[in-house]
Amino acid sequence: MTTEPLSFPRRYARTQRFTSGAPRAFTVSPDGSRVVFLRSASGTERAHQLWVLDVAEGRERVAADPAALLGGATEHLSQEERARRERSREGGAGIVGYATDAAAELACFTLSGRLFTAELRAGTARELPVPGPVIDPRPSPDGTLVAYVHGGALRVVGAEGEGDRVVAEPEPVAAPGSVSYGTAEFIAAEEMGRSRGFWWSPEGDRLLVARVDDTPVQRWWISDPVHPEAEPQRVAYPAAGSANAEVRLFVFGLDGVRTEVSWDRARYPYLAHAHWSAAGAPLLLVQARDQRSQLFLAVDPDSGTTRMVHADEDPTWLDLFPGVPCWSPGGQLVRIADEGGARVLAFGERPLTGAQLHVRAVLDVSADDVLIAASAGEGANDPETGEVHVYRVNELGLERVSQEPGVHSAVRAGGVTVLVSSVLDQPGAQVQVLRAGKPIATIPSYAEHPGLSPRVTLTQGGAQKIPCAVLMPTDYDGDTPLPVLLDPYGGPHGPRVLAAHNAHLTSQWFADQGFAVVVADGRGTPGRSPAWEKAIRDDLTLSLDDQVEALHGLAERFPLDLSRVAIRGWSYGGWLAGLAVLRRPDVFHAGIAGAPVADWRLYDTHYTERYLGDPAASPATYAKNSLVTDEGLSAPAEPHRPLMIVHGLADDNVVVAHSLRLSSALLAAGRPHEVLPLSGVTHMTPQETVAENLLLLQVDFLRRALGLG
């Protein structure tokens, strides 16, 4: 008896895109003796365990196992936890996040909304008897207390489970569910990279706590038509031009003292970042609604007053970056800034890097240097297409930590660096533990081998030297012109041209169906220069122009059949695919628009207004950049090209109203199209059979639409 091997689409879905079994979420203890991380037990197991590596011995052990802690019971998630995971695009199960005390001796996490702690040296874990469901538990720096959120209130309990009490809770006059303490509002979690709403003081005697009131935010309803007996989910969604949640900040002492932090919230309503360390006062980054000005503020925790440490202004917009702002151990402000046409690391008021690097994130700050992630800038001799490297930077210069071409990141403490590296010729990521720059251990991955290797060429296309990846079928003879499939994201925050094996797996699978696949990162995508990213202000359609330029430039060097060109994408990429079919049918002959932003007035404030401004002040700008307006299709061209629209009905990020309005406008214009509604699916598509069949149905549509038989 033989067993039919699983298809790539099924294996891709079953393995969470071949990420199950891969180690992630690393923490290094301050003494460099331990590395804490998450990893599931196999390449098909979704539930992550908490692991500890003893650096000296090179020995790993499980510190917490969800199966044991839950007694084999099925995991149940609250609606709040599901929303939190949707914001972070978390598709795993088990222990998907944790926090440690300052010494990395105690970790805490949730399972099924219950609070657990793990003693990382002893390897023992226990449940604390607190009311649930629990959200975002975090130990105090000394490990004696755990703060967590339950029912919109911030609570604190002893690390042994004693003395559970409320620190901050919604006022009795507040409407039920409208006010919460200690959580991040939708906009912060979805767009600002701030997933948390409270921060311990270094001494562990006070907490900096965000108070979120979403009463002003309009309510939308997300329903599941397959289950008409179920009530729709009521969500607060701040669409472009509408009211945001009101966010205030307080210092709460464990002795009951409450002090509000004051700043000009009318001028700077966005709380983008907060940082509290022993190196200085609590540090805030607050932004204006138009995101063209922002302040770095130091907080006096006794009085709640703030003083300005630094101010930034930009005529286009100001970006937010991982790891900053923060204080150096010596009390200097560390930030990433756009200066002299380059994205630089600033230490105090001095830039420590120049145009050779495009700084992406700050990974760690020590007394000796700053660890950063950066790609090649406009001033680099080699564009290093698709590469991101780790560098040590100080006033004496910089040193590259990662060497092999690829995409690298790192975590560091106590003289130990965990270097995570993805390269083109090996699947997954390789994790090395370094001391003084020398490997001393590796953390193995249990992820499955994908069973295919991308046949990818990283290059540049067109006069603008647009970063591109070109993928050919595995068995391609090298001469026959092939139908083309553009497979972009193509917009802000989402680089797709990466020097990493797994980044191109789906594109290679499409190539093996008989396509030349082109991935292009045009203007608006990160990693090259501030000017490159900000060129799309008020005109996102430049993203489409760059896809066309890259395609035609590559056709001069690769055997591309320009009479059969299709495009597929999801989210921004879905909008781009719809735009391509509607605006440039002279170039594109078919498109697949997954969860497309069809009407930018329906997308959220912080993201949309950064690029297009206020819809009330710029209605023409919104109309130009949208696929549909109140009058119907926006600037459609002839001839009509086949379009498949795919959307999850449970999507609370790009709501299904986008696709329904697009379909209605296409129907009104007499343009046949296909709509594939995904019941119970959000902006992610983690369901195994859904993810598999979605790929198969797309190939079937492309073959029909391009006449490939």
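Trainee: Where is R17 placed?

Mentor: In this predicted model, R17 sits in the loop between helix 1 (8-14) and strand 1 (24-28).

Trainee: Why is R17 called partly exposed?

Mentor: Its relative accessible area is 42%. Buried means under 20% and exposed means over 50%, with partly exposed in between. The value for R17 falls in between, so R17 is partly exposed.

Trainee: What makes the phi of R17 worth a remark?

Mentor: Most residues other than glycine have a negative phi. R17 is not a glycine, yet its phi is positive, at about 60°.

Trainee: What is the phi of A595, and where does A595 lie?

Mentor: The phi of A595 is near 45°, which is again a positive value in a residue other than glycine. A595 lies in the loop between strand 42 (590-594) and helix 9 (605-612).

Trainee: Is A595 buried or exposed, and how do you know?

Mentor: A595 has a relative accessible area of 0%. Buried means under 20%, so A595 is buried.

Trainee: Which residues of helix 3 are buried?

Mentor: In helix 3 (residues 79-88), they are E81, R85, E86 and R87. These buried residues pack against strand 5 (93-94), strand 10 (135-139) and helix 4 (186-192).

Trainee: What kind of peptide bond joins E638 and P639?

Mentor: That bond is cis as well, with omega about 0°. P639 has its place in the loop between strand 44 (632-633) and strand 45 (643-648).

Trainee: Why does V149 count as buried?

Mentor: V149 lies in strand 11 (residues 145-150). Its relative accessible area is 3%. The cut-off for buried is under 20%, so V149 is buried.

Trainee: Which residues does V149 touch?

Mentor: Leaving out residues up to four places away in sequence, V149 touches P133, V134, I135, L154, Y181, G182, T183 and F198. I135 is 14 residues from V149 along the chain, and their C-alpha atoms are separated by 5.0 Å.

Trainee: How do you know that S507 is buried?

Mentor: S507 is found in helix 5 (residues 505-511). Its relative accessibility is 1%. Buried means under 20%, so S507 counts as buried. Apart from its neighbours within four places in sequence, S507 is in contact with L471, D487, R496, V517 and V519. S507 and P454 are 53 residues apart in sequence, and their C-alpha atoms are 8.1 Å apart in space.

Trainee: Why is K438 called exposed?

Mentor: K438 is in strand 36 (residues 438-443). Its relative accessibility is 58%. Exposed means over 50%, so K438 counts as exposed. K438 and A189 are 249 residues apart in sequence and 37 Å apart in space, C-alpha to C-alpha.

Trainee: Why are helix 7 and helix 8 called roughly perpendicular?

Mentor: Helix 7 (residues 542-555) and helix 8 (residues 572-583) pack at an angle of about 75°, with their axes 10 Å apart. Angles of 65 to 115 degrees count as roughly perpendicular. The two helices are therefore roughly perpendicular to each other.

Trainee: Which residues of helix 7 and helix 8 meet?

Mentor: S543, L544 and Q547 in helix 7 meet Y572, W575, L576, L579, A580 and R583 in helix 8. By class, this contact has six nonpolar, two polar and one charged residues.

Trainee: How do you know that the radius of gyration of the protein agrees with a compact globule?

Mentor: A compact globule of 709 residues would have a radius of gyration near 27 Å, and the protein has 25 Å, so the two agree. The C-alpha trace spans about 70 × 60 × 55 Å along its principal axes.

Trainee: What percentage of the residues of the protein count as buried?

Mentor: Of the 709 residues, 57% count as buried. The protein exposes about 27400 Å², and carbon and sulfur atoms supply 51% of that.

Trainee: How many helices and strands does the protein have?

Mentor: Its secondary structure comes to twelve helices and 46 strands.

Conventions: Residues numbered from 1 in each chain as written. Predicted model: local features only at pLDDT ≥ 70, side-chain atom pairs only at ≥ 80, totals over all residues. Heavy atoms only, no water. Axes fitted to C-alpha atoms, helices over the stretch in contact; angles between N-to-C directions. Helix = DSSP H or I, 4+ residues; strand = E, 2+ residues; numbered from the N terminus. Parallel < 35°, antiparallel > 145°, perpendicular 65-115°, else oblique. Contact = heavy atoms within 4.5 Å. Nonpolar A, V, L, I, M, F, W, Y, C, P; charged D, E, K, R; others polar. Rg over C-alpha atoms; globule rule 2.2 N^0.38 Å. Buried < 20%, exposed > 50% of the residue type's maximum accessible area, 1.4 Å probe, protein only. Areas by Shrake-Rupley, 256 points an atom, 1.4 Å probe, with all protein chains shown as cover.
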